[in-house]
Amino acid sequence: MSTTLISGGTVVTASGTQDADVLVAGEKIAAVLARDVTGTGADGGESAAAVAADRVIDATGKYVLPGGIDVHTHMEMPFGGTFSADTFETGTRAAAWGGTTTIVDFAVQAKGTSLLATLDKWHAKADGNCAIDYGFHMIVSDVNETTLKEMDACIAAGVNSFKMFMAYPGVFYATDGEILLAMQQASRSGATVMMHAENGIAIDQLVAQALAAGRTDPVNHGLTRPPELEGEATSRAITLARVADCPLYIVHMSATQALEAVAEAREAGQNVFAETCPQYLYLSLEDLARPEFEGAKFVASPPLRPKSHQDSLWRGLRTNDLSVVSTDHCPFCFKDQKELGRGDFSKIPNGMPGVEHRMDLLHAGVAAGRLTLPRWVEVTSTTPARMFGLYPRKGVIAAGSDADIVIYDPRARQTLSAATHHMNVDYSAYEGLEITGRVVTTLSRGHTVIEDGQYRGTPGHGAFLARGLNQYLL
Ligand SMILES: [Zn+2]
């Protein structure tokens with residue numbers, strides 16, 4: 001079994017930082033070796049581990065992190081007659097460039113089809129194509145007796161989180177009654193229901209009114225989905241989950257009103273959790289209002305909010321009312337895809353690229369004094385692992401865990417741009433943004449994926465992860 005020693009770095013985990021070397025044997029972390037702080041070592045030279053290792057990676061001056069875990073991605077997802085632009089191959093490669101070593105993507109049940117057939121279909125898309133490990137959540141869009149029975153079979157197959165929609169009537173939308181039934185079913189097994197919480201019925205009326213009045217620009221996507229309707233849906237989802245006694249995870253939270261509802265439920269001891277995404281921390285309604293249809297680049301649901309919401313989201317990350325940052329990576333090219341909505345904002349495919357820059361953008365939050373270093377790792381890796389049943393295999397630098405390791409240079413400068421990113425999409429939502437920090441090396445189960453500015457991975461190295469239950473349940 002080949003061994004690698006990552007020496008000289010600062011190991012950052014959710015519980016703190018430590019000057020330590022990390023020994024990797026095969027695909028696992030074999031040991032975390034605290035260094036003598038005087039820097040000389042007992043023998044005044046190379047450690048015994050360094051002498052014995054097949055390969056030594058010098059991480060002096062760098063952070064050594066557990067690989068990022070992005071629990072919300074949509075690779076090659078069908079939406080509105082087109083597909084999101086990253087395949088599992090291109091999307092997982094871009095993820096690795098940005099220090100993410102695990103994604104959990106969504107299998108999408110189409111109406112009239114079975115959950116298990118859906119899962120097979122998504123396995124076929126991902127199998128043999130991923131540069132990093134991956135799991136699946138299941139989107140339930142057709143609640144009926146068969147679907148409800150199949151949820152247990154999904155859990156047995158390692159898929160134990162089920163996403164439902166209070167938005168998109170006629171597509172993914174589920175009624176309160178259907179949501180309640182699915183929550184009751186999930187609750188019997190301890191599975192988690194994930195919710196897209198926006199009041200789609202009311203939103204559709206506002207959209208129709210805007211279009212009838214000739215308001216067709218992208219900014220109207222935001223104006224017709226007011227934050228109050230995210231707050232209302234979030235409260236309703238929490239109430240339904242309480243009645244069904246089901247763990248609830250609110251996806252891509254964007255609004256202060258929704259955060260307040262989650263904070264109150266958590267205060268009361270309910271198993272309610274929430275994630276936000278970098279776009280809601282950094283971008284705003286002003287971006288949706290960019291002229292010349294450029295706002296279309298920023299169309300996602302829930303929409304980008306007025307800037308005033310950003311401070312509450314950062315605060316929520318500190319107080320743990322927001323426990324996870326994922327990306328909702330769902331890229332559509334500006335040309336030919338976003339352009340489907342010229343003259344009618346409701347036809348713009350919903351989604352933004354982001355899988356490559358989550359670790360960097362949250363590190364920028366550390367640099368700006370909004371998060372601590374351990375909290376950065378916690379919200380991007382450790383908590384996602386625990387929330388979705390992957391810990392301690394993933395999400396930590398510890399003996400016995402998978403050697404999913406990122407070496408990160410906290411002082412490097414980079415400028416985000418479509419010209420240099422690796423996502424298969426023709427624009428960057430952060431074009432020209434200068435940030436401090438960048439990935440130097442990414443290892444997935446001990447194998448080098450990114451090193452020296454080169455992709456050295458292999459499609460097909462990434463393996464499917466059968467996940468356990470949420471590890472935070474009371
Ligand atoms: Zn999504």
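What follows is a chat about the metal site, the aromatic pairs and the charges over rings.

Biologist: Before we start, what kind of model is this?

Modeller: It's a predicted model, where local features need pLDDT of at least 70, side-chain atom pairs count only at pLDDT 80 or more, and totals for chains, interfaces and linings use all residues. Residues are numbered from 1 along each chain as its sequence is written, and side-chain values use heavy atoms, with hydrogens and water left out.

Biologist: OK, which residues coordinate the zinc ion?

Modeller: His72 through NE2, His74 through NE2 and Asp328 through OD, at 2.1 to 2.2 Å. Donors here are N, O and S atoms within 2.8 Å of the metal (3.2 Å for Na, K and Ca), and water is not among the atoms, so sites may look incomplete.

Biologist: How are the donor residues spaced in sequence?

Modeller: The pattern is H-x1-H-x253-D. His72 is in strand 7 (residues 68-73), while Asp328 is in the loop between strand 16 (324-325) and helix 13 (358-367), 256 residues apart. Helices (H or I, at least four residues) and strands (E, at least two) are DSSP runs, numbered from the N terminus.

Biologist: Is His72 buried or exposed?

Modeller: His72 is buried, at 0% relative accessible area, and Asp328 is buried too, at 10%. Buried means under 20%, exposed over 50%, and partly exposed in between (1.4 Å probe, protein chains only).

Biologist: Switching to rings: how many aromatic pairs turn up?

Modeller: The whole-structure search finds 15. One of them is Phe79 with Phe332, tilted, 6.2 Å centre to centre and 50 degrees between the planes. Rings of Phe, Tyr and Trp (its six-membered ring) pair if their centres lie within 6.5 Å; planes under 30 degrees apart count as stacked, over 60 as edge-to-face and the rest as tilted.

Biologist: And where do Phe79 and Phe332 sit?

Modeller: Phe79 is in strand 8 (residues 78-79) and Phe332 in the loop between strand 16 and helix 13, 253 residues apart.

Biologist: Last topic, which charged ends sit over rings?

Modeller: Among them, Arg93 over Tyr455, 5.7 Å from the ring centre, and Lys297 over Phe334, at 5.3 Å. The cut-off is NZ of Lys or CZ of Arg within 6 Å of the ring centre and within 35 degrees of the ring normal.
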